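Student: Can we go through this one together? I'd like to start with the ligand and then look at one residue.

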Amino acid sequence: VSQTKSVSFERAAEFYDRTRGGLVRGRGFAARIAPELGDASRVLEIGVGTGLVALSLSELGFDVVGVDLAASMLAKARERVGARVAQADAAHLPIRTASRDAVVAVWLLHLAGDREGVLAEAARVLRNRGRLVVICADADYEMDEISNAIGDMRIQLGRTRDLPPEVIRLAGDAGFALVNTTHTEHWKHEVTPEETAATLERREMSTLWDLDDETWTRVVQPAIDRLRALPDQHRGRLTVASHTILVFEKAQ
Ligand SMILES: C[S@@+](CC[C@H](N)C(=O)[O-])C[C@H]1O[C@@H](n2cnc3c(N)ncnc32)[C@H](O)[C@@H]1O
């Protein structure tokens, strides 16, 4: 079994909220997660990042704690939810067995090195019939000028590690039964071609962090060139995306 290293977002704390939809996305996702949690009150978010979803779930009345690998992301999360977050690998949770009613993983499993370990730990800390809610990073984008310009790059750098069938298979192996599949609301955000090109040039997407020069020249640079060739570089274009939500229950 080949095991890759987890992708920590240590370098992303300063630009994460700005480039990943901020609290508007956090609140939108939390509103979709909440009805899937049944009567849960004690929630753990693994890969809590800057706490956008954790804060939003707290606002809805859940008792949320979180872990993340990246100290810089946790510093931002602490500003939002206080000392309810800790630095830990989701594959080795500093959390008591059967002590949580629900585990939430938003845009985490494509980054985690030991996905089997992460899911085994989620199962361990959940009580019987506890829920695991996964929001996949892979998204359906409505076509707009920007998606057109970078769609090909998205596919070629494709993150297939958290496609729904793969997550369902891995979760099944860890003792979870799928109880619902749904989608996030189409989250909309306005970006200009200029900003998008600059975001790519600054490598603010995790798929670009360690990309080799050859792939950059072949895949990313043409996308940047297409963006820079669009008219009205500073006019915002509406980008609309929706992510799959998978809801699992820990089998008894
Ligand atoms: C794309 S961010 C998502 C953050 C948050 N869930 C959100 O929706 O805004 C993924 C986070 O997972 C963290 N991460 C990656 N691998 C991890 C692991 N094995 N254990 C804990 N956190 C991990 C990264 O450091 C990053 O902060």
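Student: How many residues surround the ligand, and which are the closest?

Tutor: Quick caveat: this is a predicted model, where local features need pLDDT of at least 70, side-chain atom pairs count only at pLDDT 80 or more, and totals for chains, interfaces and linings use all residues. Residues are numbered from 1 along each chain as its sequence is written, and side-chain values use heavy atoms, with hydrogens and water left out. Counting residues with a heavy atom within 4 Å of the ligand, the shell has 22, and the closest are Arg25, Glu45, Gly47, Asp68 and Ala90.

Student: What is the distance between the side chain of aspartate 89 and a nitrogen atom of the ligand?

Tutor: Think polar contacts, meaning pairs of N or O atoms within 3.5 Å. Aspartate 68 has a polar side-chain atom 2.7 Å from a ligand oxygen, while leucine 69 uses a backbone N or O atom, 3.4 Å from a ligand nitrogen. For the side chain of aspartate 89, an N or O atom sits from a ligand nitrogen at 3.0 Å.

Student: Is histidine 186 buried, partly exposed or exposed?

Tutor: Histidine 186 is in the loop between strand 6 (176-183) and strand 7 (187-191); strands here are DSSP runs of E, at least two residues, numbered from the N terminus. Buried means under 20% relative accessible area, exposed over 50%, and partly exposed in between (1.4 Å probe, protein chains only). Histidine 186 has 41%, so the label is partly exposed.

Note on methods
A polar contact is a pair of N or O atoms within 3.5 Å; within protein, one must be able to donate a hydrogen and the other to accept it, and residues adjacent in sequence count only if both atoms are side-chain atoms. Helices (H or I, at least four residues) and strands (E, at least two) are DSSP runs, numbered from the N terminus.
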